[in-house]
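Subject: Structure handover

Hello,

Please find the structure below.

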Amino acid sequence: MWPHGHLELRWSENVLFVQAFGPFNDEGARLAAENYLDLIHNKLCTEFFVIEVLNEDSIGTPDTMKEVVKIWNFIGENGCAALALVYANEVQLALAEEFLPPFGRLFENVKDAEQWIATCREISGFSCTAL
């Protein structure tokens, strides 16, 4: 089957912005996970922060959610100090509440997520080489 769903990923200093466009099937989730993890492997920061923004259609199967949880566990083990997840609907909220790691927080809008990440960055005294 062809992959469905994709991520747009970009760094801004030590903040990784992840924009999800779904729905995701299992193949799309695996491909997105590979791209996400490659970006983390090649990061220049010792500590980083993530803002994930879901669109209204970003949803997946239970196996897709397993891939998402793997990503969140991996980034937590590899220097992610805070994860802000911006949800677009109640289904996403319910799933995120069940699976979000302890370093994550849920938001209804990007502005609040960015403000929280900015506060986390100030507290941490982040170190990052130029990207």
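Arg10 has Phe17 in β2 as its bridge partner. Strand β1 (residues 6–12) and β2 run antiparallel and are joined by seven bridges; two strands count as paired if DSSP finds at least two bridges between them. Helices (H or I, at least four residues) and strands (E, at least two) are DSSP runs, numbered from the N terminus.

The model is predicted: local features need pLDDT of at least 70, side-chain atom pairs count only at pLDDT 80 or more, and totals for chains, interfaces and linings use all residues. Residues are numbered from 1 along each chain as its sequence is written, and side-chain values use heavy atoms, with hydrogens and water left out.

Strand β2 covers residues 15–21, and five of its seven residues are buried (under 20% relative accessible area; exposed is over 50%, partly exposed in between; 1.4 Å probe, protein chains only). Between β2 and β3 the chain passes through helix α1 (residues 26–41) in a right-handed β-α-β crossover, that is, with the strands pointing away from the viewer, the path from the first strand over the helix to the second runs clockwise.

The turn of the β1–β2 hairpin has two residues, and Glu13 in it has a positive phi of about 55 degrees. Asn14 is also in the loop between β1 and β2, and is buried at 0% relative accessibility. A polar atom of the Asn14 side chain lies 3.4 Å from the backbone oxygen of Glu47.

There are four salt bridges, each a side-chain nitrogen of Lys or Arg within 4 Å of a carboxyl oxygen of Asp or Glu. One of them joins Arg121 and Glu13 at 2.6 Å, N to O. Arg121 is in helix α4 (residues 110–124) and Glu13 in the β1–β2 loop, so this pair ties together parts 108 residues apart in sequence. Arg121 is buried at 17%, while Glu13 is partly exposed at 48%.

Helix α2 (residues 62–77) holds Lys66 and Asp63, three residues apart, about one turn of the helix. Their salt bridge has its closest N and O atoms 3.6 Å apart; Lys66 is exposed at 53% and Asp63 partly exposed at 41%. Lys70 and Glu67, also in α2 and three residues apart, meet in a salt bridge at 3.5 Å. Lys70 is exposed at 52%, whereas Glu67 is buried at 16%.

Regards

Technical notes: Polar contact = N/O pair within 3.5 Å; in protein donor to acceptor, adjacent residues only side chain to side chain.
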